[in-house]
Amino acid sequence: MKNLNAKYHFLRPNPELLPEARYLICPKCKEMLAPADIESFATCPFCNTHLEYSNDLEDFILAPLVAQWMNSTSALAARMRIH
Ligand SMILES: [Zn+2]
């Protein structure tokens, strides 16, 4: 049964220097997981627990991709302004 409201704990180790850096705490083994660790399989690489897909989890996985996209878009916009 799907539980789209599964709740996860996230950790922001250094919000002042690295506001984008966020980790998911595995509900089972309590390891810190980076978005890239669970991007493909939504499975904890440490204990192999399957992470229930939720809106929180989706945000967590997509946030760095969106940030990267925003950066490359604004870099492109900056370059276009120069020329
Ligand atoms: Zn785990």
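The model is predicted, so local features need pLDDT of at least 70 and side-chain atom pairs count only at pLDDT 80 or more, while totals for chains, interfaces and linings use all residues. Residues are numbered from 1 along each chain as its sequence is written.

Let's start with the sheet. It is open, with three strands in the order 1-2-3 and antiparallel pairing. Strands here are DSSP runs of E, at least two residues long, and helices are runs of H or I of at least four, numbered from the N terminus; two strands pair if DSSP finds at least two bridges between them. Strand 1 and strand 2 (residues 23-25) are joined by three bridges, and Leu11 sits opposite Tyr23 of strand 2. Strand 1 (9-11) and strand 3 (32-33) are the edges: each has a single partner strand, so one side of each has no neighbour in the sheet.

Now for the core. The largest nonpolar core has eight residues: Leu24, Cys26, Leu33, Cys44, Leu51, Leu57, Phe60 and Ile61. Such a core is a set of buried Ala, Val, Leu, Ile, Met, Phe, Trp, Tyr and Cys residues joined through C-beta atoms within 7 Å. Helix 2 gives the largest share of this core, three residues. Leaving aside neighbours within four places in sequence, Leu51 is in contact (C-beta atoms, placed from the backbone, within 7 Å) with Ile38, Ala42, Thr43, Cys44 and Leu57.

Helix 2 (residues 55-82) also holds Ser72. Why is Ser72 exposed? Because Ser72 has 10 other C-beta atoms within 10 Å; 12 or fewer counts as exposed, 20 or more as buried, and anything in between as partly exposed, with C-beta atoms placed from the backbone.

Note on methods:
Contact = placed C-beta atoms within 7 Å.
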